[in-house]
Amino acid sequence: MTLVTGMDRAIMLRPATVLLCVLYAFPTWVGALAIGEIELRSQLSEELDAKIPLLGAEAEDIDGMTVALGGPEQFRAAGIDRPFHLTQLRFRIVDGGDGTGAILVTTNKPVVEPFLNFLVEIDWPSGRVVREFTLLLDPPIYAAKLNADSRRTELATGRLPRAPPTDRK
């Protein structure tokens with residue numbers, strides 16, 4: 001294979017070199033494990049219940065995966081405080097069996113901090129990632145009021161009759 005440069009000089013490229021260049025240019029993330037956005041399923045003053053979806057997870061990825069709260073040095077490098085209450089976070093990996101899975105984030109005690117900002121370190125046989133997550137926990141009364149208000153709005157907007165058009169001259 002010959003590549004001609006702008007100066008009409010020929011450079012010979014071996015097929016193996018071309019193949020190597022193509023492999024380096026091809027995205028290595030294709031088929032890799034994807035970590036989704038955290039889904040909060042609890043409120044302030046309740047035990048934490050959150051779920052982080054895992055997509056594109058191979059069985060061996062899930063089997064060999066470990067998840068933990070980021071270490072003090074990782075928090076420091078990210079410029080994030082690591083308060084003691086974050087040590088209550090527990091992580092458990094569940095396999096969906098169909099290329100999906102999840103990391104369940106829980107606590108054994110009610111969370112009294114309305115705002116949690118933390119790093120999660122995820123290691124699996126073919127990779128490692130440290131990712132930041134932020135949770136804003138609403139008080140149960142506030143969340144119930146928001147749900148009731150939105151329900152009232154839905155009912156009100158669904159039941160309001162349309163006014164007939166008027167001819168103004």
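In this predicted model, Q74 is placed in helix α3, which spans residues 72-78. Q74 is buried, its relative accessible area being 14%. The side chain of Q74 is in polar contact with the side chain of E121, at 3.4 Å. E121 also counts as buried, with a relative accessibility of 18%. A salt bridge links the side chains of E121 and R128, with an N to O distance of 3.1 Å. Through salt bridges with shared partners, E121, D123 and R128 are joined into one network.

The structure contains four salt bridges. One of them pairs R131 with E37, whose closest N and O atoms are 2.8 Å apart. R131 belongs to strand β10 (residues 127-136), whereas E37 lies in the loop between β3 (34-35) and β4, so this pair ties together parts that are 94 residues apart in sequence. E37 is exposed, with a relative accessible area of 59%. A further salt bridge is formed by D49 and R41, with 3.1 Å between the closest N and O atoms. D49 is partly exposed at a relative accessible area of 28%, and R41 is likewise partly exposed, at 38% relative accessibility.

The protein chain has four helices and 10 strands. Along the sequence these elements follow the pattern β-β-α-β-β-β-α-β-α-β-β-β-β-α. The protein chain comprises 169 residues, of which 26% count as buried. V120, in strand β9 (residues 115-124), is among the buried residues, because its relative accessible area of 0% falls under the 20% cut-off. The C-alpha atom of V120 is separated by 7.5 Å from that of F133, and the two residues are 13 positions apart along the chain.

On the surface, a patch of negative charge is formed by E58, E60, D63, D95 and D98. Within this group, D63 is located in helix α2, which covers residues 59-63. D63 is exposed, because its relative accessible area of 65% is over the 50% cut-off.

The backbone at S45 was also examined. Most residues other than glycine have a negative phi. S45 has a phi near 70°, a positive value in a residue other than glycine. S45 sits in the loop between β4 (39-40) and β5 (47-55). With a relative accessible area of 49%, S45 is partly exposed.

How values were computed: Residues are numbered from 1 along each chain as its sequence is written. This is a predicted model: local features need pLDDT of at least 70, side-chain atom pairs count only at pLDDT 80 or more; totals for chains, interfaces and linings use all residues. Side-chain values use heavy atoms; hydrogens and water are left out. Patches are made of residues with over 30% relative accessible area and no salt bridge: like charges are joined within 9 Å, nonpolar side chains (Val, Leu, Ile, Met, Phe, Trp, Tyr) within 5 Å. Accessible areas come from the Shrake-Rupley method with a 1.4 Å probe; for residues, only the protein chains shown count as cover. Lys and Arg count as positive and Asp and Glu as negative; His and the chain ends are not counted. The place of a charge is taken as NZ of Lys, CZ of Arg, CG of Asp or CD of Glu. Helices (H or I, at least four residues) and strands (E, at least two) are DSSP runs, numbered from the N terminus. Buried means under 20% relative accessible area, exposed over 50%, partly exposed in between (1.4 Å probe, protein chains only). A polar contact is a pair of N or O atoms within 3.5 Å; within protein, one must be able to donate a hydrogen and the other to accept it, and residues adjacent in sequence count only if both atoms are side-chain atoms.
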